[in-house]
Amino acid sequence: MINDIGISDSEVLLKLSNINDVKPLNNIQGKKEFNSLDSCSHGGIYSTKNYLKVKIDFSSNINPLGISRQVLKEIRKNLKQISHVYPDSKCNLLKKSIARYVEHDIDKEWISVGNGATEIIHNFVRALSLTNSIIISPTFCEYELASKRCKMKIDYIPLSKKLQIQADKVIEKSKINSNSLIFICNPNNPTGLVNTQMIEKILSSIDRSKTILLIDESFIEFLNDIEKESLISKIKEYDNLAILRSMTKSYGLAGLRLGYLVANPHLIRKLKPFQIPWSVNGIAQIAGIAALNDQDHVNRAKKIIQKERNYMYKKINNKENHANALRSDVNFFLIKLKNISSITYQKILLNFHGIFVRDCSSFRGMSTDFIRVAVRTHKDNLILLKAIYDINNNLNKSKVFKNK
């Protein structure tokens with residue numbers, strides 16, 4: 001492939017000084033320091049200065065079908081009224097819809113709604129005023145940022161070599177540091193793996209009077225057996241358990257920002273003083289209700305994800321190349337790189353193919369050996385596969401050239 005200034009991909013690969021300067025492949029290695037309290041790294045086209053170059057965004061793990069037609073219909077129908085009427089600051093109708101959806105005899109007093117899951121994370125940490133934070137990494141960086149903003153002492157528990165939660169280490173740490181908030185993402189981001197059994201072990205072993213467990217289930221809707229893997233059924237049994245859900249991922253509402261927390265009312269009441277009035281706009285509330293009423297949209301997406309994910313695994317891993325797709329349970333997966341760093345790989349995909357992927361070196365505890373890609377439509381996935389093959393061929397050529 002030739003770029004606008006007449007330089008081929010292989011020439012670029014040869015000129016990049018760090019192409020063969022990558023550390024030996026490890027599952028998880030090292031600690032990456034995040035000192036800023038302003039923000040942490042995320043996917044999405046606006047996470048790169050060169051967002052105008054993005055033709056296909058594989059960095060955002062959103063429903064490949066986007067927003068539901070039924071949701072769009074409801075937004076259009078109500079747009080005129082919503083535009084000049086203040087939204088319900090308590091989100092009562094949306095809470096009732098969420099309560100019906102999650103079942104287990106939960107009413108709206110057990111639910112808090114926010115401007116995306118991220119807002120709830122930060123408000124929850126502030127509301128609890130705990131002194132310690134336990135984070136299983138690599139994972140979503142907002143847990144760390146929220147903890148740092150509240151000046152909490154943070155303990156990081158790395159995943160095992162098989163990218164699984166080390167439950168015994170988490171339990172042990174919670175006993176040493178009481179008055180703790182434990183963050184667990186299930187399915188985890190960026191690994192895409194569900195680990196409910198280990199979480200149940202942690203939940204039953206920690207001191208419920210001193211330790212709160214926040215489980216982020218933002219990707220739970222992409223699993224085939226939600227009821228089996230979600231801990232929402234435990235919410236009334238454990239008053240120190242909180243379940244976080246995002247509606248931006250599974251329902252394609254990323255631009256509207258919508259999330260909710262399910263927890264014992266005593267925890268929900270603690271959140272209220274920290275919530276900003278009208279943080280959830282009227283359009284988001286209408287969209288959320290409509291989305292919960294259109295589960296067929298999510299079910300269609302899950303069938304596409306399962307089919308396309310298996311297809312991509314086969315096409316990537318059957319090649320003797322410099323990329324290896326790792327197993328995932330949801331709509332994104334890690335690709336382990338060889339002989340090229342994630343930073344370089346991301347730049348080549350964007351500059352020469354218009355494809356944007358997530359460079360995983362921005363995750364605490366991860367090396368430059370990984371990128372994360374979303375599962376999109378078959379047409380988009382074919383374009384990514386072609387780009388991966390092109391990079392592989394150029395890497396092989398550069399390797400041959402350097403060996404001469």
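Axes here are lines fitted to C-alpha atoms, for helices over the stretch in contact, with angles running from 0 to 180 degrees between N-to-C directions. Helices (H or I, at least four residues) and strands (E, at least two) are DSSP runs, numbered from the N terminus.

## Ground rules

This is a predicted model, where local features need pLDDT of at least 70, side-chain atom pairs count only at pLDDT 80 or more, and totals for chains, interfaces and linings use all residues. Residues are numbered from 1 along each chain as its sequence is written, and side-chain values use heavy atoms, leaving out hydrogens and water.

## A helix pair

Let's start with helix 6 (residues 167-176) and helix 7 (residues 196-205): their axes come within 9 Å and cross at roughly 25°. That makes helix 6 roughly parallel to helix 7 (angles under 35 degrees count as such).

## Two cis prolines

Most peptide bonds are trans. Still, the bond from serine 137 to proline 138 is cis, with omega near 5°, and proline 138 sits in the loop between strand 3 (132-137) and helix 5 (142-149).

The bond from asparagine 189 to proline 190 is cis too, with omega near 25°. You'll find proline 190 in the loop between strand 5 (180-185) and helix 7.

## Positive phi

Most residues other than glycine have a negative phi. Aspartate 105 has a positive one, near 55°, in the loop between helix 3 (92-102) and strand 2 (111-114).

Serine 129 also isn't a glycine, yet has a positive phi of about 55°; its spot is the loop between helix 4 (117-128) and strand 3.

Key:
Angles under 35 degrees count as roughly parallel, over 145 as roughly antiparallel, 65 to 115 as roughly perpendicular and the rest as oblique.
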